[in-house]
Amino acid sequence: MEIKQIELHNFRNYSQQKIEFEAGINLLVGANGQGKTNALESIHYLATGKSYRVKQESELILWGKKNFYLKGSFQTADRLLTLESYYEAGKKVMKINQLACRRLSDYVGTINAVFFSPEDLNIVKKGPSERRRFLDLLLAQIRPSHIALLNDYIKIIKQKNNLLKTVKNSTALKSQLPIWNEQLVAVGSKIIANRWELTVTLNSYCRPIFKSIFSQEDNMDLYYLALNKNSLEEALETFPEILDKKMNQEIERKTVLIGPHRDELLINLNDKPARLFASQGQQRSLVLCLKLAEMEIIFNKKGEYPILLLDDVLSELDEERRRYLLAYINTFKKQTLITMTEADEKIIKEKTAVYRVFKGNIRRER
Ligand SMILES: Nc1ncnc2c1ncn2[C@@H]1O[C@H](COP(=O)(O)OP(=O)(O)O)[C@@H](O)[C@H]1O
Ligand SMILES: [Mg+2]
């Protein structure tokens, strides 16, 4: 799939911008703080209905304005699609070919995009919530029903937490909690199963990619650790029991202590947690593998490659990894938008189009 054109109105530091893109490599060049990342963010937002950077859409509105509007034309193998997104004061409207979508899950997955920025190193480096988020964002694109599950789950956890915090009488609590636990198991089990299955698929892609970009001797492995169990069957079977057993502790601590919101995706390098033991360069290679696996999983699901958005990452990769990534992009001519500063511009020879980004304006140069 490809983005042909995008219009931005009051989005981040863009007041009015219309820009066309080409198949192949589109290079966005500019100094820091000019709007390169914001431009990629607008495309990612339009494709996925979500910002990967902020929770609150209001942050995306140009300062001093009340709303933003994005419109993009996308070409898939068999159709031309117009996606629109409008946001104002808590009101969000997403349209596909002029038809408003009632739910985000009706919108997400129509067009796919994979975003890769230096901050993605956090997937390997930081805490488990980064890794759960990575899984959930990818699941949202390939299985939009996952979004509804997450929303339901968040509501259940909120209500259960609220109960744990406000009801002081533990006998009363013990009579009410099982109802919430039942719902937590019903929705939580589906989330666990989705993430588990995705982890198995990711692993099957990542392992060979890692060997080819890193070394034949090194192994990358991914495991999903659900409810601290390393077997899906066992986790799902014992979920109600685990919650029962935790009840007294949860009452004491006044918070929900176990469930998929506490699960972990383990990323191992040679059987050791990469978060703790991998070097910075190895961690970069691991993230690169995750991103390439993401591309392949979407391709497998959709029969088309997603749009690849590379924000400042090429200059961070070493020569060998960079060459691998560029060769990967050039097979099947995957549409890619790459941002970088002028100093790094010469590292890419294969560009189709070059754009200059300056103070919230994008101008095509070549
Ligand atoms: N909501 C907003 N309204 C106006 N300007 C914004 C908004 N959010 C961020 N910016 C500005 O956008 C600029 C950063 O843009 P960015 O795309 O991250 O730059 P870069 O070209 O370095 O990737 C900063 O100058 C920042 O102040
Ligand atoms: Mg940037």
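This is a predicted model: local features need pLDDT of at least 70, side-chain atom pairs count only at pLDDT 80 or more; totals for chains, interfaces and linings use all residues.
1. The note opens with strand β8 (residues 113-116), which runs parallel to strand β12 and is joined to β12 by four bridges; two strands are said to pair if DSSP finds at least two bridges between them, and strands (E, at least two residues) and helices (H or I, at least four) are DSSP runs, numbered from the N terminus.

2. Residues are numbered from 1 along each chain as its sequence is written, chains are lettered from A and ligands numbered from 1 in the order in which they are written, and side-chain values use heavy atoms, with hydrogens and water left out.

3. Strand β12 also pairs with strand β13 (residues 336-340), again in the parallel sense and over four bridges, and here L310 has I338 of β13 as its bridge partner. Together with helix α10 (residues 319-330), β12 and β13 make a right-handed β-α-β unit, where right-handed means that, with the strands pointing away from the viewer, the path from the first strand over the helix to the second runs clockwise.

4. Because five of the five residues of β12 (residues 307-311) are buried, this strand is largely enclosed by the rest of the structure; buried means under 20% relative accessible area, against over 50% for exposed and in between for partly exposed (1.4 Å probe, protein chains only). I307, L309 and D311 point one way from the strand, whereas L308 and L310 point the other way.

5. Turning to ligand 1, 14 residues surround it, and the closest are G33, K36, T37, N38 and I61, a residue being near if one of its heavy atoms lies within 4 Å. The shell around ligand 1 divides into four nonpolar, seven polar and three charged residues.

6. An oxygen atom of ligand 1 is 2.7 Å from an N or O atom in the side chain of T37, and a backbone N or O atom of G35 lies 3.0 Å from an oxygen atom of the ligand. A nitrogen atom of ligand 1 is 3.0 Å from a polar backbone atom of E59.

7. Finally, P260 is found in the loop between α7 (232-253) and β10 (264-269), and P260 is buried, with a relative accessible area of 1%.

How values were computed. A polar contact is a pair of N or O atoms within 3.5 Å; within protein, one must be able to donate a hydrogen and the other to accept it, and residues adjacent in sequence count only if both atoms are side-chain atoms. Ala, Val, Leu, Ile, Met, Phe, Trp, Tyr, Cys and Pro count as nonpolar, Asp, Glu, Lys and Arg as charged, and the others, Gly among them, as polar.
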